[in-house]
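Here are my notes on this chain, written as numbered points. Keep the structure open beside you and find each residue as you read.

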Amino acid sequence: QVQLQESGPGLVKPSQTLTLTCTVSGGSITTSDYYWSWIRQPPGKGLEWMGRIVDDGTTYYSPSLKSRTSISRDTSKNQFSLHLTSVTPEDTAVYYCNARYRNDDIWGQGTQVTVSS
């Protein structure tokens with residue numbers, strides 16, 4: 001069974017780059033038909049899809065975040081990472097990694113990220 005675990009800093013200063021990593025167990029991130037996404041939820045707001053990387057390494061991003069977002073993967077470690085540049089306090093949120101395989105969704109537990117000086 002695929003399991004996901006987010007890791008990274010809980011506090012980031014404005015203008016810096018946020019990097020979060022999702023470690024995948026129970027399955028390979030290169031397996032066909034898997035989509036690997038980053039999704040966040042600011043306080044009091046709904047879920048916001050940020051982007052995904054698919055089985056062959058192709059990436060897709062939300063238009064509103066594309067200019068600041070990149071997703072990469074390390075297949076040797078079975079991990080994929082989120083990089084969000086020029087963060088502001090509005091980027092404060094719980095960040096989740098997510099796996100979609102056909103019609104099934106698997107979520108990490110989420111990690112709180114606060115942007116503050």
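1. Tyrosine 101 stands opposite aspartate 104 in β10. Strands here are DSSP runs (E, at least two residues), numbered from the N terminus. β9 and β10 pair in the antiparallel sense, over four bridges. Two strands count as paired if DSSP finds at least two bridges between them. The two strands form a hairpin with two residues between them.

2. **What kind of model this is.** This is a predicted model: local features need pLDDT of at least 70, side-chain atom pairs count only at pLDDT 80 or more, and totals for chains, interfaces and linings use all residues. Residues are numbered from 1 along each chain as its sequence is written, and side-chain values use heavy atoms, with hydrogens and water left out.

3. **The turn residue.** Look at arginine 102, in the loop between β9 and β10. Its phi is positive, near 55°, in a residue other than glycine. Is arginine 102 buried or exposed? Arginine 102 is exposed, with a relative accessible area of 59%. The cut-offs are these: buried means under 20% relative accessible area, exposed over 50%, and partly exposed in between (1.4 Å probe, protein chains only).

4. Asparagine 78 is found in the loop between β7 and β8. With a relative accessible area of 15%, asparagine 78 is buried. Lysine 77 is in the loop between β7 and β8 too. At 52% relative accessibility, lysine 77 counts as exposed. The C-alpha atoms of lysine 77 and isoleucine 29 are separated by 9.7 Å, though the two residues are 48 apart along the chain.

5. **Other partners of β9.** Eight bridges join β4 to β9, and these strands run antiparallel. In β9, valine 94 is the bridge partner of glutamine 41. Valine 94 also stands opposite glutamine 112 in β11. β9 and β11 are joined by three bridges and run antiparallel.

6. **An open sheet.** Four strands make an open sheet in the order β1-β3-β8-β7, with antiparallel pairing. From one strand to the next, the twist averages 20°. That angle is taken between N-to-C directions and runs from 0 to 180 degrees, with axes as lines fitted to C-alpha atoms. β1 and β3 pair over five bridges.

7. **The disulfide.** The count comes to one disulfide (a pair of cysteine sulfur atoms within 2.5 Å). Cysteine 22 and cysteine 97 form it, with their sulfur atoms 2.2 Å apart. Cysteine 22 lies in β3 and cysteine 97 in β9, so the pair ties together parts that are 75 residues apart in sequence. The torsion about the S-S bond is about 65°, so the disulfide is right-handed. Both cysteine 22 and cysteine 97 are buried.

8. **Aromatic pairs.** The count comes to five aromatic pairs. Rings of Phe, Tyr and Trp (its six-membered ring) pair if their centres lie within 6.5 Å; planes under 30 degrees apart count as stacked, over 60 as edge-to-face and the rest as tilted. Tyrosine 96 and tryptophan 107 are edge-to-face: 5.6 Å centre to centre, with 85° between the planes. Tyrosine 96 is in β9 and tryptophan 107 in β10, so the pair ties together parts that are eleven residues apart in sequence. Tyrosine 96 counts as buried, at 17% relative accessibility. Tryptophan 107 counts as partly exposed, at 38%. Ring pairs also link Tyr34, Trp36, Trp38, Phe80 and Tyr101 into a cluster.

9. **The core.** Which residues touch the most other members of the largest nonpolar core? They are Leu4, Trp36, Trp38, Phe80 and Tyr95, out of 27 residues. A nonpolar core is a set of buried Ala, Val, Leu, Ile, Met, Phe, Trp, Tyr and Cys residues joined through side-chain atoms within 4.5 Å. Elements that give two or more residues to this core include β4 (34-41), β8 (79-84) and β9 (93-101).
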